[in-house]
Amino acid sequence: MQTLHLKVDPDNPNPKIIEIAAALIREGETVAFPTETVYGVGANGLDEKAVRNVFKAKGRPLKNPLLMHVMSWEQASSLVTDISEEVLLLVNRFWPGPLTLVARANDKVPPLVTAGLPTVGLRMPDHRVALDLIKAAGVPVAATSANLSGRPSSTSARHVLKDLNGRIAGVLDAGSTGWGIESTILDITRPPFTILRPGAVSRERLEEVLPGLIAATKPGAEERSRLRAAHYRPDARVIPVKPGENLAQLAQAEAARGKRVGVVVVGDQELPTLVDLVVVINGGSAEYGRRLYEIFRLADSRKIEYLFMEIPEETGLGVAVADRIYEAARR
Ligand code: TXA
Ligand code: MG
């Protein structure tokens with residue numbers, strides 16, 4: 001399959017180019033597109049055969065559900081039941097934006113999208129290209145991060161093509177994504193609403209809208225395990241390092257044993273010598289989140305064996321960054 005590379009202006013995409021991609025979606029093909037978090041790859045969410053192509057392109061296990069990407073709350077609410085007033089407060093505040101809501105699905109949603117779960121994840125991306133595409137396609141788009149299963153999410157069309165060239169029908173290329181880290185996934189099926197995956201919208205921001213109604217999943221909870229089923233494993237062994245631990249010394253010791261070592265540190269501090277990759281994050285967790293997947297890809301391409309990563313302060317966006325580092329460290 002030849003993958004069409006369609007360049008568009010992120011702020012003012014050419015409707016003719018959008019229509020090419022939308023027509024592919026209507027024909028049951030797979031298209032990658034930018035969102036405000038990471039690139040997604042999706043297909044007509046109401047057509048089970050089309051949805052199957054998304055799993056095939058990524059090599060994604062069928063037991064791992066996709067998210068329904070929508071262009072309005074109206075479109076989202078046509079797919080679910082039992083929406084409470086609290087949920088509308090969240091929608092008003094955070095949509096479009098990086099908050100995915102897991103709600104009870106109705107029978108319009110093909111079981112393949114939800115992997116047979118009674119619930120479906122609803123996501124309205126805050127990106128003009130994604131919204132225009134979904135609007136022009138005229139259907140909700142069942143999508144997932146645009147990477148090969150087991151690889152980091154893509155924050156540019158270059159990453160998408162590296163993983164999926166020849167496996168998808170097209171990619172809308174609007175440059176780099178904003179957040180660089182995926183959406184927050186919130187289970188709204190019963191109170192308290194539970195964060196299944198920390199992401200670009202922090203728990204603190206959700207609490208502002210619904211004080212006392214937001215909980216984090218317990219490690220090992222069934223929903224959480226499902227999320228962990230197909231997590232990213234880099235080639236390098238990732239070693240999370242808490243602030244205050246001596247990262248330079250730990251890294252130096254591995255380098256002295258002749259290993260290829262990389263380090264990622266937050267802010268000004270002592271740096272190890274003799275290592276093969278040094279990344280310094282000066283812009284806080286926002287910058288860490290934006291660069292995280294690029295750093296993983298860079299470490300892989302430099303054949304790093306041990307990647308020492310400083311854990312940022314675990315508040316706000318730092319919670320999501322720390323979550324992705326701990327996931328990458330899991331073997
Ligand atoms: O920011 C994002 O959310 C990006 C962009 C492309 O929208 N999408 C994304 O999709 O990260 P994906 O498939 O890589 O991650 C979605 C996660 C998966 O781990 C999936 O298992 C989980 O959401 N998920 C989907 N439906 C679910 C459901 N009904 N209940 C619990 N978890 C669900
Ligand atoms: Mg993913």
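Predicted model: local features only at pLDDT ≥ 70, side-chain atom pairs only at ≥ 80, totals over all residues.
Local features need pLDDT of at least 70 and side-chain atom pairs count only at pLDDT 80 or more, while totals for chains, interfaces and linings use all residues; side-chain values use heavy atoms, without hydrogens and water. Residues are numbered from 1 along each chain as its sequence is written, with chains lettered from A and ligands numbered from 1 in the order in which they are written.

Helices (H or I, at least four residues) and strands (E, at least two) are DSSP runs, numbered from the N terminus. Two strands pair if DSSP finds at least two bridges between them. An open sheet is formed by 11 strands, in the order β1-β8-β2-β3-β7-β4-β6-β5-β9-β10-β11. Its pairing is mixed. The edges are held by β1 (4-7) and β11 (214-216). Each has a single partner strand, so one side of each lacks a neighbour in the sheet. Neighbouring strands are turned by 35° against each other on average, direction ignored. Axes are lines fitted to C-alpha atoms, for helices over the stretch in contact, and angles run from 0 to 180 degrees between N-to-C directions. Helix α7 (residues 157-164) packs on this sheet. It touches β1, β2 (31-33), β3 (40-44) and β8 (170-173), and its direction makes about 165° with that of β8. Contact means heavy atoms within 4.5 Å. Strands β9 (residues 184-187) and β10 (residues 193-197) pair in the antiparallel sense over 3 bridges. There, Asp 187 stands opposite Thr 194.

Strand β13 (residues 261-266) pairs with β14 in the parallel sense over 5 bridges. Gly 262 faces Leu 277 across this pair. Side chains alternate along β14 (residues 277-281). Leu 277, Val 279 and Ile 281 point to one face and are buried (under 20% relative accessible area; exposed is over 50%, partly exposed in between; 1.4 Å probe, protein chains only).

Lys 58 belongs to helix α2 (residues 48-58). Its side chain makes a polar contact of 2.8 Å with that of Thr 144. Such a contact is a pair of N or O atoms within 3.5 Å; within protein, one must be able to donate a hydrogen and the other to accept it, and residues adjacent in sequence count only if both atoms are side-chain atoms.

Arg 205 lies in helix α8 (residues 203-209). It is partly exposed, at 28% relative accessible area. Beyond four places in sequence, Arg 205 touches Arg 93, Phe 94 and Ala 200.
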